[in-house]
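Reader: I've got a model open and I'd like to learn how to read it. Can you walk me through it?

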Amino acid sequence: MNGNKIFIFGYGKNGRQIAKTLSMHHNVVIVDSEEQAIKKAYNDGFEHTHCIDLTEDSEISKLGIVQRAKTLICAMDDESMNIFLVISLRALFEEVIIISISDSVETNQKLLMAGANKVIDIYDPGSTRIFNILEKPYVLKVFDILFHPDSKISFNEFPIPENSFLVGKTVSEVDFRAHHLILVGIVDLEYGEHFTFATHGFDHKLDYKDILVCMGKDADLERFARRIEHNGKEKE
Amino acid sequence: MKLLVRVAYFLEASDRYAQIKEFFNRLLNDPDYPLKKYFDYTMIFLIISSVVILIQSVKYDLPPWLLFYDIYIVSSLFLIEYLLRMWVFSDIHKIIIRYYEEVQFLEKRFFSSVALLKIARNKWEYVSSPIAIIDLLAILPTYRPLRILRIFILFRIFKILRYTKSVNQFLDVIHSKKFEILTLGMLLFFVVFTAGVTIYVFESGVNDSINSLFDGLYWALVTISTVGFGDITPVTTGGKVVSMVVILSGIGMISFATSIVVSAFSEKMDEIRESRAVMDTTKKDDFIIICGYGQMCNMLIDNFKRNGITFIIIEKDYDKTAIASKKGLNIINEDATQHKTLNRFDLDSVKAVLATTSSDVANIYITLNVRSISKSVPIISRANHEKMTQKLFLAGATDVVKPYDVAGMMAAVYIDQPVAFEAINAILTAKKNAHFEQVTVQKDLFLQGKRIKDIDFAKYKIILIGVFRDDEFIFNPTPYFELRADDVLIIMGYIISIDWFKKLIQRSRITHER
């Protein structure tokens, strides 16, 4: 369990799903203004719950977010309430990371303006899924395999350690296949903090602190994580 | 039993008779029947050729076979069509049977004459309809030498209306304003008649050009319509006063007529546009029906457009419909939970129906409704709550999409691995830089028999994620994995790279064929 708590605001259709997934690896605190929702959360097995008036800043400050959490998730079912909440939280706590759920492109923009660090658009994947059902059944199957919570194959990011054998090499010089991994993309700090897919075709030079994103079986990912700690003496 | 009744019962029992009648009925009247198009084109050709022959014959001597064609062939084809239409208009034998059963029940005597009268009355309904009268008159121009009969050629042109949908719609629109047009007509008649009589009384004998009441009426109509040829002008003061009144009322009359037509059209415009939208979509072989125009629908449409998939949207809300139709989308403003809305489409031949409204209740209702009409059409429904999934499957959905489902997973990934989140998000939302595509290994094309290491995926700037073989997914296959026909490759890359790769495969087919 991660020491930091994660606050989830809103225990509706989205909040519930998020809480369920996150509680597998994190300490989750549920906050909602509805008595009913909190009861439901309690029945679902969440012990840390708060029922407060989310429009009152003073009540939100009492939650003790600053000391206990660095991530807040806004998942209210009501779109306008969600935006309002993001603004209040940002005004109260400058440092925390605020993630918000959105259901439309217009709201995405508003949420970012309100101060959310990340907006998760849930309908966009839904429409991709419908399209895959209709046109690409095999891609659909692969998505189900890759993104299933119990999947043996997952995505992982690897920040490159200081003394790693990777430092100084270019992407094409590293044989990811030998590690049974697929390189998905990279954040090359030389070019900024944005993520670039490996399919872009540019042969990045790897440096300390650059981040690699790989796909692979969990065991292989773990092995690779240990491997990159070492310097270049080992045989690749 | 009378012969008439016996024949009626025979026809009632005959499947073949019903089939033949149904065939002709659809050929003549059902706009969705594929053969009707060819029938319509033939008729339009006959009409146009006949009109051209008439125009030519005014100045030139035409070869006798052309006249024979016009007088006998065209006319007799029109006659046959007229009789067929009269035939399919109603079922005579049913009228006889109903009358016979009525008589039996009341223990009265059966009179053939009464039965025939009932039939005649029924068919008269058809014969007296405006469009049938035009048809009948269009048969007539068989006797050319009589000049006045040439006017009947006009009815042949009118007949074209029958075979063109847009003109029919125009007539429908006008028809819907029957009352207003009748009022206008009465008013026009009243003013023209009064003005015509007055001018006749004032000017007859004084004015050389007004010699009869007909001249007066002619002058009144020319003036009130604001055409004003000027061949007849009033010379007396009384006549001039009448002119002024007629001119003023003419302005009112014209604007009245214009407003009738304009308002009729603005009222009917949506309906016309919708029937166009339905026609445009349904003439494609397989299309998709999307119920509910919202956020999800918008994103889907982008995908569909990029892949050239035809679709039609059904939306209950008028404002949303207006927005979508401004964007040029095929959308109809109707309630998808209604049986008759979906019955407009041949659901068995539709590629899929999507129930993607934001209301779970509506989605279940739509799913049930579609399933009640068609057993086989795929239905993809959206569930907004977890509990709905099962209900949607029970209602008959083939697939259920749960948008909230990914929220948890994505939030979790973002918290632990913000960089990997960018990758996953782009993949799940099919951004242009992270497209997943399936490529089937076809027999005799360049992928078949190749080992993974022989294909330079990096050169094409794509990544091989894995291979499906016999429904089993092999993730990241080894370099020595050999591809067989019917394997499905799952690749990832920029859209342009993937399109290029697919094109290369297609091209290898061409070189093989050579």
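**Where the two chains meet**

Reader: How many residue pairs are in polar contact across the interface of chain A and chain B?

Author: A polar contact is a pair of N or O atoms within 3.5 Å; within protein, one must be able to donate a hydrogen and the other to accept it, and residues adjacent in sequence count only if both atoms are side-chain atoms. Here the rule finds 16 such residue pairs across the interface, both residues at pLDDT 80 or more. On chain A's side, helix α7 (residues 123-135) gives the most, with 12 residues touching chain B; helices here are DSSP runs (H or I, at least four residues) and strands are too (E, at least two), numbered from the N terminus.

Bear in mind that this is a predicted model: local features need pLDDT of at least 70, side-chain atom pairs count only at pLDDT 80 or more, and totals for chains, interfaces and linings use all residues. Residues are numbered from 1 along each chain as its sequence is written, chains are lettered from A and ligands numbered from 1 in the order written, and side-chain values use heavy atoms, with hydrogens and water left out.

Reader: And how many salt bridges are there across the interface?

Author: The test is a side-chain nitrogen of Lys or Arg within 4 Å of a carboxyl oxygen of Asp or Glu. It finds 4 between chain A and chain B. Lys136(A) pairs with Glu437(B) in a salt bridge, with the closest N and O atoms 3.6 Å apart.

Reader: How many residues does each chain put into the contact?

Author: Contact means heavy atoms within 4.5 Å. Chain A brings 67 residues and chain B brings 72.

Reader: Now a single residue. Is Gln417(B) buried or exposed?

Author: Buried means under 20% relative accessible area, exposed over 50%, and partly exposed in between (1.4 Å probe, protein chains only). Gln417(B) has 17%, so it's buried. You'll find Gln417(B) in the loop between α18 (405-416) and α19 (418-428) of chain B. Leaving aside neighbours within four places in sequence, Gln417(B) is in contact with Phe155(A), Asn156(A) and Glu157(A).
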